[in-house]
Amino acid sequence: MRTWRVGTISMGISLVGLGLVLLVSQIADMNLTTILLSWWPLLFIILGGEILLYIYFSRKESSFVKYDILSILFVGLLGTTGIVLILLTSSGLMDQVRAAVNSEEKTVNLPGFNQNAGKGIQRVVLDSGTYPLTIESGNDGKVSVFGTYGERVMKDADTLLKKAEDYLLVERSGDTLYISFKDLPSQNGLLDSGAKNLKATLIIPAELAVEIDGQSTDLVLKPRKLLNDWSVKDSGNLSVFLQDNSDIKIDARGVEEFEGPKNGWKMTEVKEETSEEGIVKKNGLFNMGKGKHTLTVTDTFNVNVQYP
């Protein structure tokens with residue numbers, strides 16, 4: 001009498017089912033994960049049916065039914081894999097894996113900002129945030145921001161920043177316009193859309209006084225034909241680009257390194273600050289033209305003046 005091994009039929013059906021799933025997913029370009037999540041419970045139904053039949057026939061004398069342990073382990077492994085996939089899906093980890101696999105990195109234009117500085121505005125107080133920033137003076141009375149940033153998102157997904165308010169805060173109080181660059185949003189998990197290599201340029205009307213808090217980041221200043229005083233504090237590396245008709249005096253205090261044209265800087269004072277690291281900070285003056293307006297730089301690591 002031929003012996004029936006419980007688990008053999010289940011394993012056979014499982015292999016056929018798995019092969020059909022892989023074949024259909026390849027031909028129809030379907031999502032394999034979704035299909036696997038749908039059909040794996042059938043394995044337990046088939047295996048359970050086999051066991052019930054075994055119990056029924058084993059009551060008879062001369063039972064011809066035995067367990068096929070290897071086949072049962074194989075079916076159990078497939079079922080366990082299905083349970084793990086369900087748990088990953090319900091916890092959101094599967095979506096994170098899909099996002100990580102199907103994501104792409106791209107460079108995107110910042111949502112632009114462009115508005116009049118406003119009547120009565122005399123100065124701008126700027127918090128440059130944690131990303132490098134280029135600041136220029138303009139002559140059309142408008143405050144403008146443009147640039148690019150990098151992001152890692154799902155293919156065909158919307159961009160991370162949809163409007164200027166997502167990265168920029170602009171508030172007016174009295175005669176002062178406060179501008180702050182926010183940290184870019186980021187996502188927790190396998191897909192980190194953080195950020196980001198933001199490269200922005202801020203245009204400020206040349207007739208306004210400007211106070212910049214550098215937040216230890218690198219800044220590029222292009223004051224062009226300055227019509228008011230600017231000041232910068234706590235910047236990392238500060239590059240100042242001048243032009244032939246620039247009329248400016250740069251007064252730098254508490255700076256570690258100076259760079260620029262030979263004999264351009266006049267070191268008015270050299271003193272050793274009482275810091276734990278023993279860092280030597282210097283003061284320097286740089287004039288171009290009559291020096292009608294002043295760019296004051298304080299507590300900055302490096303100041304580099306460049307002009308044609």
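**A strand residue and its surroundings**

Modeller: In this predicted model, T201 belongs to strand β10, which covers residues 199–205. The relative accessible area of T201 is 13%, under the 20% limit, so T201 is buried. Apart from neighbours within four places in sequence, the contacts of T201 are L133, T134, E136, S144, V145 and F146.

Turning to the aromatic rings, a search of the whole structure gives three aromatic pairs. In the pair of Y167 and F181, the ring centres are 6.3 Å apart and the planes meet at 35 degrees; the pair is therefore tilted, since stacked would require under 30 degrees and edge-to-face over 60. This pair joins distant parts of the chain, 14 residues apart: Y167 is in the loop between β7 (142–154) and β8 (168–173), and F181 is in strand β9 (residues 176–181). Y167 is buried at 1% relative accessibility, and F181 is buried at 9%. Elsewhere, F258, W265 and F286 make up one aromatic cluster. A charge is also placed over a ring: K222 lies over the face of F241, 5.6 Å from the ring centre.

Two backbone positions complete the account. D234, in the loop between β13 (230–233) and β14 (237–241), has a positive phi near 55 degrees although it is not a glycine. D234 is partly exposed, with 31% relative accessibility. D299, in the loop between β19 (293–298) and β20 (302–306), is likewise not a glycine and has a positive phi of about 50 degrees. The relative accessibility of D299 is 44%, so D299 counts as partly exposed.

Conventions
Residues are numbered from 1 along each chain as its sequence is written. This is a predicted model: local features need pLDDT of at least 70, side-chain atom pairs count only at pLDDT 80 or more; totals for chains, interfaces and linings use all residues. Side-chain values use heavy atoms; hydrogens and water are left out. Helices (H or I, at least four residues) and strands (E, at least two) are DSSP runs, numbered from the N terminus. Buried means under 20% relative accessible area, exposed over 50%, partly exposed in between (1.4 Å probe, protein chains only). Contact means heavy atoms within 4.5 Å. Rings of Phe, Tyr and Trp (its six-membered ring) pair if their centres lie within 6.5 Å; planes under 30 degrees apart count as stacked, over 60 as edge-to-face and the rest as tilted. A charge sits over a ring if NZ of Lys or CZ of Arg is within 6 Å of the ring centre and within 35 degrees of the ring normal.
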